[in-house]
Every structure is written in structure tokens, then in C-alpha cells.
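Dear colleague,

I am passing on the structure we spoke about, together with some notes on what was found in it. Please read the notes with the model open beside them.

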Amino acid sequence: MKKLDAPNFTPNRTAVFFWLAVMFLAIGLRAETRPFTLVVLPDTQCYCDTRHAQSAKKWGGDLRRYFFDQTRWIRQNAKRLNIAFVLHEGDITQTDHPDEWEIAAKAMSVLDGKVPYVLCLGNHDMGYRKTGNSPDSYSTAHDRKTLFNKYFPYSKYQKLDQFGGTFTAGRMDNSYWRFEASGMKFLILSLEFKPRDEVLEWASMVTEKHPGHRTIALTHSYLDSQNKLTKSGYPVQGNLGEGIWKKFVSQHPNIFMVLCGHVLGEGRLTSKGKAGNPVHQLLCDYQGMKNGGESWLRYMTFYPKKNKIEVFTYNPSLDTFMKGPKSRFALQYQMSKPSASTADK
Ligand SMILES: [Fe+2]
């Protein structure tokens, strides 16, 4: 029997290297233009309020399931939407009580090891004081005392890759975070309710140290539903929207977005910073709606090739979208080439 010759296949090494290079470049380019999503969790205070049950009295029952519906949905859709980060806009709890923080810590822990997240402090998370005998008689933000750090401890978060640092050693009241998405570097500054001047100075220093990072400021009270910057209220000393814009946000060419809650409803304002950079400032807070918000949240999908951010308002409990122009809109944002502010850094 005639022995079959082995096929004469001598690969051309140059050709192999060429096609491998093309393949890796294509994969790299695809990763650099792949859309990604940021999820925004507005005020969750009604979902945690099992003691005063202010919204449960109105709507009946324990509302914590809506908080869990939010974080479970994020976890389940992390891959589909390529979720890069989750940002909680504060008023995590109603009255800074251990029972409420336990609910919040458990609901947020659904994301641990799956999707990075950051929270910021709202007025209801600090300085709680009783003002009468009825359970509903209380006021907030008399001082900066909070149980936040017990339930969202520095020791847990400082180990994470995205964690950058804090204003006060060992405390999460003011923190910064870094992440990369579609080949771009991002910085998030989470600032306390009514950030003090020294906190804004720290935030400026951190932002200046990250000139190549596209920066988002997260703080509880900043914009109202008439698209005006907040300016007064609450006993604790510090800055609201007007002061935060003037002293911090407007000063940095790499800040492109501010996210806030606190005021019921939705608001949107795009202003130019000192360097001419557009800054998209967005409010959403659904706690005044049925069932204390009933799980309504925001997600923003960034389309780098289109230089566009598509903003959606979604209810994971009901699997439905809000479709009005204040809830569903697109923002222009330069991504297909480095922005002027981050080009050469
Ligand atoms: Fe608030």
C-alpha cells in the first residue's frame, strides 16, 4: 500500500503573525468602542424605613423588597448592559438607625464581587434628632454623626481595585473611585451631604491629580426639579449646589457629570465649566411616587462611537420604563477621541 505523504504545509510565519496582530487589534478596538452602562440608585430611604414606616403607612407593608429588586436586577443584567459602576445618590436610610442600615447593607451586598458601587451620604443618613413624641417627629442633618461607616466600612472597601482613597482616614463619608470602560479612564468623587469647604478642596486636589480621568461628582443635594442649583437649608454647615458648582465642579476641565437625588422628581442642566467643558448635571429621586419609589432607577448607557449617553428610567419590579422627555433622553458627550481636557494626559 502506498504510504500517503503528509501534506506539505509550512506556514508562513510572517503571515501568521500578521493575522494574529489583526485579530488582536480588532478585539482591542471592539473593547474600546463597546457601549457600557452606569446605574444610578436614587434615594432608598423608604425601602429601609421599617421603624417609622412613613411610606409603608401610606402604601401598606414592608417596602424593602424594592431595594433588593434593584440590586438583583443590576446583578442579573451586569453582563448584558456591560455595567461598569453603580452610584447611590444618598438618603440610603430614613433615620440613620441600625435596623435601616442592616437592610441597606444587605441589599447592596448583592453586588459584592459582581459590580463595583459607591454610595454617598444624604441628610437622612446623618444628624438625626427627635423633635416630638410621635415617631414621625424628627429632623435630620443637625450634625455629621452617622452609622454609615459601621455598615459600609472602610476596611471592606479599601481592598477593592477601584477604590482610590478617602478624605478622612478610615471613613467612607467622602471617597474617590477609579475605573476603566471602553478604553477610557473614569474618576468618581463621592461627596458628603452639604460638603464642607475643606472637602471641596480635597475633591479639587484629587481631580487635579487625575487629569486623564473623565470625572463624575456624586453628591446628595445639588440640583432641583426646576433645573436650579440648590442653595440653602439644613442646620449642618457646608455647600449645596451653588457652592459646589462655584468652588469645585466648574473649576476642572475633566468633570463632565454631576449626579444627585434629594429633591423629589427629575431635573437636568448642562452648563459649561471654566475651561468650556460641558457638564451634565442630573437629578432623579422617585421616593415621592407610589410605594416610596417602587424600585425606579436610572441607567445611562455610554456609546463611545456615537459620542452619546442614552439615559433610561426603569422599574425593575414592574419591568417598565418611564418614557417622558425628563426621564428618557440622550446627552452628547465626546468619547470617540480624547476630550480636549484629557487628550494629552
Ligand atoms: Fe434628602
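A nonpolar core is taken here as a set of buried Ala, Val, Leu, Ile, Met, Phe, Trp, Tyr and Cys residues joined through C-beta atoms within 7 Å, where a residue is buried if 20 or more other C-beta atoms lie within 10 Å of its own, exposed if 12 or fewer, and partly exposed in between, with C-beta atoms placed from the backbone. The model is predicted, so that local features need pLDDT of at least 70 and side-chain atom pairs count only at pLDDT 80 or more, while totals for chains, interfaces and linings use all residues. Residues are numbered from 1 along each chain as its sequence is written.

The largest nonpolar core has 81 residues, and among these Val-39, Val-40, Leu-87, Ile-188, Leu-218 and Leu-259 touch the most other members. Its largest share, six residues, is supplied by strand β10 (residues 255-260); helices (H or I, at least four residues) and strands (E, at least two) are DSSP runs, numbered from the N terminus. Leaving aside neighbours within four places in sequence, Ile-188 is in contact with Phe-85, Leu-87, Val-118, Tyr-176, Trp-177, Ile-216 and Leu-218, contact being defined by C-beta atoms, placed from the backbone, that lie within 7 Å.

Strand β1 (residues 36-41) has six of its six residues buried, so it is largely enclosed by the rest of the structure. Phe-36, Leu-38 and Val-40 point one way from β1, whereas Thr-37, Val-39 and Leu-41 point the other way, and all are buried. Two strands count as paired if DSSP finds at least two bridges between them. By that rule β1 pairs with strand β13 (residues 297-303) in the antiparallel sense over five bridges, and five bridges also join β1 to strand β2 (residues 83-88), these two running parallel. Leu-38 takes part in both pairings, standing opposite Met-300 in β13 and opposite Phe-85 in β2.

Seven strands form an open sheet of mixed pairing, in the order β6-β7-β8-β9-β10-β12-β11. Its edge strands are β6 (163-166) and β11 (265-272), each of which pairs on one side only, and the twist averages 15° from one strand to the next. Helix α8 packs on this sheet, touching β7 (175-181), β8 (184-191), β9 (214-219) and β10, and its direction makes about 170° with that of β8; axes are lines fitted to C-alpha atoms, for helices over the stretch in contact, and angles run from 0 to 180 degrees between N-to-C directions.

Arg-268 has Leu-282 of β12 as its bridge partner, and Glu-266 stands opposite Cys-284 in β12. The two strands form a hairpin with five residues between them, and Gly-276 in the turn has a positive phi of about 90°.

Within α8 (residues 197-208) lies Trp-202, which counts as buried because it has 21 C-beta neighbours inside 10 Å. Not counting residues up to four places away in sequence, Trp-202 touches Phe-167 and Asn-174. Trp-202 and Phe-248 are 46 residues apart in sequence, and their C-alpha atoms are 9.7 Å apart in space.

Helix α5 (residues 98-109) has 12 residues and should span 16 Å at 1.5 Å a residue, which agrees with the 16 Å between its end C-alpha atoms; the expected span is 1.5 Å times one less than the number of residues. Its buried residues are Glu-100, Trp-101, Ile-103, Ala-104, Ala-107 and Met-108. They cover an arc of only 155° around the axis, which puts them on the same side of α5, the arc being that of the directions from the helix axis to the C-beta atoms. Pro-98 and Asp-99 are exposed on the other side of α5, and the buried residues pack against α2 (45-48), α4 (64-77), β3 (117-119) and α6 (148-151).

Two loop residues deserve a look at the backbone. Ala-141, in the loop between β5 (138-139) and α6, has a positive phi of about 60° although it is not a glycine, and Ala-141 is buried, with 23 other C-beta atoms within 10 Å. Glu-294, in the loop between β12 (278-285) and β13, has a phi near 50°, also a positive value in a residue other than glycine, and Glu-294 is buried with 21 other C-beta atoms within 10 Å.

With best wishes

Technical notes. Contact = placed C-beta atoms within 7 Å.
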